[in-house]
Structures are given as structure tokens and as C-alpha cells.
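I opened my notebook to look up a few things in this model. My notes follow in the order I made them.

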Amino acid sequence: MLCHDSPVIDPVADLHAALTSAVAGLTGGEVPDLALERPANPEHGDYATSVAMRLAPLLGKSPRDIAQELAGVVEGLPTIASVEIAGPGFLNLRLSHDWYRSTLTEMLAAGSEFGRHDRIAGAETLVEFVSANPTGDLTIGSARNAAYGDCVSRLLDFAGQKVTREYYFNDAGNQITLFGQSVRARRLGEEIPEGGYPGDEILEVANALDLADDAPLDDWTARGVAVMIDRIRTGLERMRVTFDLWTSEQTLHSSGAVTAAIERARSEGHVFEQDGATWLRTTTFGDDKDRVLLKADGETTYFAADLAYIDLKFKRGATRAIYVLGADHHGYIQRLKAGAACLGLDADAVEVLIYQLVTVSGERMGKRRGNVITLNELAEAIGVDAARYFLVERSHDQMLDIDLDLAVENSSKNPVYYVQYAHARCQSILRKAVEEGLAVEGVGSSHVPEGPEMTLVRRLAEWPDVVATAAELRAPHRIVTWVHELAADFHAFHHDLYVLHEDADTRAFRLSAVRATGEALTRALGLIGVEAPDRM
RNA sequence: GCGCCCGUAGCUCAGGGGAUAGAGCAAGAGACUUCUAAUCUCGAGGCCGCAGGUUCGAAUCCUGCCGGGCGCACCA
């Protein structure tokens, strides 16, 4: 389905507009979804709409009669070559040669802005992702979080939102104390405590610390966390994932934000005491059960810090707070939204994105199982481009399984190279055009596009809808699906037709198509954090 | 028990109400004197988990069931 209700650079905008006004004329104003789409079957035209069938019950006329009336309006458009009515009342449209030329011209003129849309623009969005505790290297589960969260951020940014990326880390509490003890134990060659962290990276962190053997535990902990965070940051940067803010839980406590948030919730009337503990009545806003803020022993819970953190996000000016969490945290959705509501905030401005878990050879990852794969190992094994492509290739609602040996074995046939190769081919042609003095500007005026050229241009024209939908659905895998289709269309085009044709007009059209394809590949790959190489 | 995600080709998965359900991989047959063969072309492979419902029209929306994953702390 295509939807063009915002002023975007859109190749089928005039078609959409003409249909809309024609339909409005028939109904007296009301316009249902036009359902303008690209049929899978080429016999059904380049674009098709089933709007006549939807209109039939409304107007009390037969779908084919309505289609006939609409056909009369659309037929005159310069972008339309032919219209036919098919089946129960489909309107099948074929685009004119003129459309192909003007669409290419438009796309090239728009450049990197092509596909920019404002359907969801304007929000100040805080995307919090990864946020793994700094007690070890990031696992491949966090790698999925990183790749997905980063792509969503890039998509929202392209959609005109002001995006801030934040990593929230836990640097207080039992786990962190255990981490500090583990670091010290490794350094001193002692036994690590029960439930401590045995990973090799702990030893590396320990050895990087300039601390005396008898330094206080707090120093081992704090310094260890700092080094670990730095390790994590470096690994993420290698994956082209960067953050604007690194926020520590500790600072929420020390700044008084936690206490302030509890008081704010109390003044909203949602805090109560029971069994010696202080509770937040999140059930008022749809949570399964109420949540403890202050334990009977007086300690704050992790959720209390969460509450303060939500408060902080909106106080800093965010109009939307996105959380990216693994499926094992899906129970947090209601809790976080209810927490926001208890602070008097809009629960709908809290959006929790859940991605399904990553398994290793069909099994859940775990230190006890000894099957942990880290982000660094994945990047090392198959490279950053293949790793990123692999991590967002499928829907985030789909479970992801990895066998590292198999991944390495298969990495050469990772589809990312197929797509990148298409870009390298584009650049190769453009280089050759310059070398041979065959480069031209413009799309020409008389070239009659052939099948593969038309297929390619129509594919390129899908971009505005693809990128807008991907952003709205927080579904970067749609970019991946599309960019692969684009690469396939380009490879076929390249195989069938010679670009640097002796006829200047043909050459101009084809060079324009190559240029537009190269830019589209760069743009789409950029949104998933993959490079578009000039040579391979 | 309750909640979230998934079930589509041998395998991994796209398909947000439209016409004959697609791709990659695997297996099969072909194509380089050319701007890169990391490519292209062709064939084969399907009760879209099951059963109802809504609709002119359902893989898609609704309900129930079956199967798989995950979660239901005064842990972090």
C-alpha cells in the first residue's frame, strides 16, 4: 500500500493526487485508502488500484462502472500511458516513457534527500538501547540490540526526528560489587567469588588497572567499570554504533533523582506503604502487579532507578522515549508505561521495542553452557558489514540462531556482498564513463526504456514508501529486503543492457539509472550501517 | 494459569486485505572475446500449523485450538 499524505519527493505523487481528487468527486469528499500498489504480475500493469471495489458498496454502483469513471480522469495524465479495467474492478495503470525520464530526473535532483518524508517528523526521540551491564563483553544478544537499535535510530533520524541515542548502565548494586570482587580476585590470582565473573575479559580489565593490591574494593569496582565501559564503547564503535549519552544508574541515586521521582509519584497519589516496603501502584495503569520502590530494608529497587530515569528522559525534553529490549524483558513494557503514568507522564510516549532472542546453535546462550559468542568475536569472524547485515536481515520479531563456524563458512555468500557488488559495479561504470569521455548530464529526451530499465526505475521509485514504512514500523529489515531486490534488478539490468551505449540519448538514460541506483544503494546501506564500496 | 513473539518451499525467512504466494541457501540444467561471472537465465520444489468467523476478496484482520520460544522477584 502506498500512502502519500505528506509533501515528499515522490514519483507517483501526481498519480495519487489525481486519483484522490477523482474519488473525492465521486463520493463528495470522502476518500478511502486508494490501495495503490505495484502488482506482482506484470500483466496487471505498473501500478494498480482496487479502490473501485471499495467504493462500490458506498456508491451503490458496480465496481467496473466506477473504475470506468476513474479511468477517464487518470487517462489524461502525462505520466500514464494506458489504463485498463480488469477482473472485478481493478484499475491497471501503465506508466509513460515520460514518467521514467522525469522520475529519474527527480530522484537525481533530490540526491541524498530522496525518500525523506515527514509522516512522523518532529518528535524529539530518545532511543535507549544496548544498556548491558558493564560486567563483561557484549554478547551477540547485545549485538542484535545494538544493530537493531542503531538502525531504528538512523531510520527515525532520516524521518526527520531529532534522535538522541543513550546507553544506560548499571554501576550500582550486587552485580557490580560482584564484578569488582571478580576483577580484584583475577588480578591477585585469587578464587573469584560465588556467582562472580570468570570471563577472560575480566582478567584483561584487571591487568589494565593501575591499582595497588590492597586498594579498597570500591576502587577496583569503579575503575573496573570505567575500563569495561570503555571496552564496550570501543566494540560498539567498531560496529559503527555510537551514543550521544552514557548514563550511569549511580548518578541517578547520587543526584537525588531517585528520591525526587518517588516523591513525584507520591504527590500524584500512586505510592503506598505495605509490609514495611514502599510501593508504586502500577496496576492502576494496567501493570500485572504493583512494584516495590523501597524494600523493607530501606534499599531502593532497580525499578526505582528506572522510574527516575523515565522522569529524567522527559525532563531533558524528549517527547518520545524508546526502549530497545530483548524478548526476555517483554514483561517490562507495562511496567515502564505504568511507571510513566504514575509520574503524570503520557504512557503512550513510552515505546518499548522488543526483539526476539539470539540463540547459539539452537540453544540459549549462557556462561554455564560455555557457548557465549561476543559481539567482538562475531565482527572478527565475518567482518562488520556481514555482521550488521546478518543481525538486521530478518524481522526483529523473529528468533535468530547463529552457529559461528557455520557463519564463517557461509560468510562469503552473505547477501551483503551481492548488494555491495551492485554498488561497486555502478561505480565501475561511472569511472569508465569518465575515463572514456562518455559521461553526460541529464536523462536524455528520446530514449525508449526497455524492460530491465523500467523494472529498475520502478524499483527505485518505491524507496519513499519503503523507507517511511520501515521507520513507522521500526522495521529495518524492510530496508534490507528492498535493497536486495534493488541489487537484483540492477544486476539483471547490467547483464542485459550495455550502459555506455553509442547512442548518446540511450547512454544518458542508462547512466542516470546507474547513478540513481548507486546513490540509492549507498543511502539504503547507510541506514543499516553497511558500507557501499566503490571497488570489490 | 496469565501475557508477549513465532509457525509459509528440503533449510533460513520476506510478504501491514487484492488477481497465478516470493527471495536466499541447498539440489538440477545452461550463459563470459563485453562497463567486474562476488553476475545472469531456466526448470523443480507449497493443505501459508488446524478449525471457525468477518469481507466482493484472507498467508494477512478476529476467535478458539495445536506446536515451539520467552516471561510472570522486596534480583539486577
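How many aromatic pairs does the structure hold? I found ten aromatic pairs (rings of Phe, Tyr and Trp, its six-membered ring, with centres within 6.5 Å). I noted that the model is predicted: local features need pLDDT of at least 70, side-chain atom pairs count only at pLDDT 80 or more, and totals for chains, interfaces and linings use all residues. Residues are numbered from 1 along each chain as its sequence is written, chains are lettered from A and ligands numbered from 1 in the order in which they are written, and side-chain values use heavy atoms, without hydrogens and water.

**Entry: one ring pair**

I looked up phenylalanine 129 and phenylalanine 243. Their ring centres are 4.5 Å apart and their planes stand at 35 degrees, so the pair is tilted (under 30 degrees is stacked, over 60 edge-to-face, the rest tilted). The pair links distant parts of the chain, 114 residues apart. Phenylalanine 129 sits in the loop between strand 4 (124-128) and helix 5 (140-158). Phenylalanine 243 sits in the loop between helix 8 and strand 6 (245-248). Helices (H or I, at least four residues) and strands (E, at least two) are DSSP runs, numbered from the N terminus.

**Entry: RNA strand B**

Next I checked the protein around the RNA. Of the 60 residues around RNA strand B (a heavy atom within 4 Å), His330, Tyr332, Tyr421, Ser428 and Leu473 come nearest. Sugar and phosphate account for 60% of the RNA strand B atoms that come within 4 Å of the protein.

Which elements each supply at least two residues of this surface? I listed helix 2 (51-59), strand 3 (90-95), strand 8 (277-280), helix 16 (415-435) and helix 19 (477-496).

Then I turned to polar contacts (here, pairs of N or O atoms within 3.5 Å).

- In the side chain of arginine 394, an N or O atom is 2.5 Å from a sugar or linking oxygen of RNA strand B.
- A polar backbone atom of methionine 399 is 3.2 Å from a phosphate oxygen of RNA strand B.
- A polar backbone atom of aspartate 328 is 3.5 Å from a sugar or linking oxygen of RNA strand B.

Conventions:
Polar contact = N/O pair within 3.5 Å; in protein donor to acceptor, adjacent residues only side chain to side chain.
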